[in-house]
Amino acid sequence: MFKYIFITIVYLLTILIFKNRFKSDSKFLITIFTIALIIRMICATGIFLFNWYQGSSGFFSGDESVYYKRAVNIAVGGSMYANNIFDNTPELNGGAFALNLFSILESIFIFTFGKSLIFIKYCNCFIGALLPVFTYLLAKVTFCNKKIAKISACLIAFLPSMVAWSSIGIKEPIVILLITVFFYYYIKIIRHFNLFNLFYLGALVIALFYVQSNAALILIVICSIRLIFDMLSGFIKKKALVLICMLLCVSIVVSNQKKIISNLYEVAKHQAIQYVAGNQKSARYEIYPHKMLEIYFFDFYEHLIFSPEV
């Protein structure tokens with residue numbers, strides 16, 4: 001019961017922050033946040049009950065399962081690298097598989113409030129409901145137009161995929177939220193330098209690095225390119241700078257073509273043979289139930305070819 005009181009208290013504190021921090025927009029932000037949260041919690045409850053009665057213990061996907069079980073291991077063992085207590089999830093034996101900021105946050109909730117998958121889903125609903133709020137703020141600071149900002153917020157609040165992702169225990173909602181908040185403060189700092197905003201940017205990149213490192217590195221590259229562009233714009237015309245950047249990008253791609261193709265091949269192969277993980281000793285499920293993808297072929301310069309049955 002205390003965990004639901006906790007959600008209520010956090011909700012009320014969030015509303016209070018909106019009223020004090022964004023006074024002119026507080027009414028809309030509170031409304032869109034509340035509606036988005038209710039929709040996601042209803043969806044989360046439905047998904048949980050459906051999957052519970054299907055015999056999957058309420059888990060919607062393999063990712064949700066391994067994050068939750070990694071969090072339970074941390075909470076029970078008292079260490080990020082605690083021993084795996086789930087025999088049916090060998091992926092968690094050793095290493096740092098499914099160990100990230102999201103699973104660590106889950107472990108804190110599990111340690112504090114006890115094991116509850118539906119509670120973790122509700123926490124993710126809360127994160128997902130914050131996204132329309134920061135989408136509104138980002139659109140407003142970008143276009144200086146409240147109408148565009150409101151439309152953007154509504155699209156994110158009711159976009160089916162965003163509702164679905166926010167209703168299960170996966171890390172994507174927090175990744176998208178961190179990126180959105182990052183660009184909000186990034187644009188603000190470009191318009192008017194502020195030391196606090198710079199601190200926020202650094203904290204967001206660090207947090208994102210421990211959830212999705214590739215996304216964090218991309219943001220660092222974006223900021224670095226922008227900084228170099230601004231530094232050189234006083235000496236070289238902007239059109240020439242854009243052309244130079246394009247040539248550099250093309251050169252990097254061409255010179256690393258084999259490595260890029262190899263990485264793409266590994267990604268495609270990983271997705272193609274996911275059925276291997278879909279067995280009784282795994283938290284995952286078969287992408288192609290009852291179909292054995294025994295033979296696949298990948299031509300580097302053509303495409304991935306599946307068997308006709310698949």
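Modeller: First, a term. Buried means under 20% relative accessible area, exposed means over 50%, and partly exposed lies in between. Keep in mind that this is a predicted model.

The structure holds four salt bridges. Arg 226 forms a salt bridge with Asp 230. Their closest N and O atoms are 3.0 Å apart. Both residues lie in helix H10, which spans residues 213–232. They are four residues apart, about one turn of the helix. Arg 226 has 34% relative accessibility, so Arg 226 counts as partly exposed. Asp 230 is partly exposed too, at 40%.

Salt bridges that share partners also build a network: Asp 25, Lys 140 and Lys 146 are joined into one.

Asp 25 pairs with Lys 140, with the closest N and O atoms 2.6 Å apart. This pair links distant parts of the chain, 115 residues apart. Asp 25 sits in the loop between helix H1 and helix H2. Lys 140 belongs to helix H5, residues 117–143. Asp 25 is buried, at 6% relative accessibility. Lys 140 is partly exposed, at 25%.

Next comes Glu 64, which forms a salt bridge with Lys 121. Here the closest N and O atoms are 2.6 Å apart. Glu 64 is in helix H3, residues 62–77, and Lys 121 is in helix H5. The two are 57 residues apart, and this pair also links distant parts of the chain. Glu 64 has 0% relative accessibility, so Glu 64 counts as buried. Lys 121 is buried as well, at 0%.

Key. Residues numbered from 1 in each chain as written. Predicted model: local features only at pLDDT ≥ 70, side-chain atom pairs only at ≥ 80, totals over all residues. Heavy atoms only, no water. Salt bridge = Lys/Arg side-chain N within 4 Å of Asp/Glu carboxyl O. Buried < 20%, exposed > 50% of the residue type's maximum accessible area, 1.4 Å probe, protein only.
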